[in-house]
Amino acid sequence: MKEIITFLQELQQNNNREWFVANKPRYTALQTRFNAFVDELISEISRFDDSITGLTAKDCTYRIYRDVRFSADKSPYKTHMGAF
């Protein structure tokens, strides 16, 4: 998780397309790790909550790209990873 936090801190400092494209392979690897964590979390929670059985990380995670159409802040990327 430390690598994910470090990446997100760097993204916050360099929230532009050029930096993100140059670091996309790194993001993809970290996203895979985050998704594995979410899958493990879903698996453990489903032991006592049947309502989430069958969900995957792909079903529950947010995209990194922001919708900036109606926002004053035009930063193209979110500086967090999240699941619901």
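The following legends describe close-up views of a predicted model.

Local features were taken at pLDDT of at least 70 and side-chain atom pairs at pLDDT 80 or more, whereas totals for chains, interfaces and linings use all residues. Residues are numbered from 1 along each chain as its sequence is written, and side-chain values use heavy atoms, with hydrogens and water left out.

**View 1. Aromatic cluster around F20.** F7, W19, F20, Y27, Y65 and Y77 form one aromatic cluster. The whole structure holds seven aromatic pairs, a pair being two rings of Phe, Tyr or Trp (its six-membered ring) with centres within 6.5 Å; planes under 30 degrees apart are stacked, over 60 edge-to-face, and the rest tilted. F20 and Y65 form an edge-to-face pair, with 6.0 Å from centre to centre and 75° between the planes. This pair links distant parts of the chain, since F20 belongs to helix α2 (residues 17-22) and Y65 to the segment after α4 (57-60), 45 residues apart. Helices (H or I, at least four residues) are DSSP runs numbered from the N terminus. F20 is buried at a relative accessible area of 1%, whereas Y65 is partly exposed at 31%. Here buried means under 20% relative accessible area, exposed over 50%, and partly exposed in between (1.4 Å probe, protein chains only).

**View 2. Ring pair of F20 and Y77.** Both F20 and Y77 are buried. The ring centres of F20 and Y77 lie 4.2 Å apart and the planes meet at 20°, so the pair is stacked.

**View 3. Salt bridge between R33 and E3.** The structure holds five salt bridges, each defined as a side-chain nitrogen of Lys or Arg within 4 Å of a carboxyl oxygen of Asp or Glu. One of them joins the side chains of R33 and E3, at 3.2 Å from N to O. Because R33 lies in helix α3 and E3 in helix α1 (residues 2-13), the pair ties together parts that are 30 residues apart in sequence. R33 is partly exposed, with 42% relative accessibility, and E3 is partly exposed at 40%.

**View 4. Salt bridge between E10 and R26.** The closest N and O atoms of E10 and R26 are 2.7 Å apart in this salt bridge. E10 belongs to helix α1 and R26 to helix α3, so the pair ties together parts that are 16 residues apart in sequence. E10 is partly exposed at 30% relative accessibility, and R26 is partly exposed with a relative accessible area of 30%.

**View 5. Salt bridge between D67 and R69.** The side chains of D67 and R69 meet at 2.7 Å, N to O. D67 counts as partly exposed at 45% relative accessibility, whereas R69 is exposed with a relative accessible area of 60%.

**View 6. Nonpolar surface patch.** M1, F37 and L41 make a nonpolar surface patch of about 270 Å². Patches consist of residues with over 30% relative accessible area and no salt bridge, with like charges joined within 9 Å and nonpolar side chains (Val, Leu, Ile, Met, Phe, Trp, Tyr) within 5 Å. Accessible areas come from the Shrake-Rupley method with a 1.4 Å probe; for residues, only the protein chains shown count as cover. F37 lies in helix α3 (residues 24-45) and is partly exposed, at 38% relative accessibility.

Methods: Helices (H or I, at least four residues) and strands (E, at least two) are DSSP runs, numbered from the N terminus.
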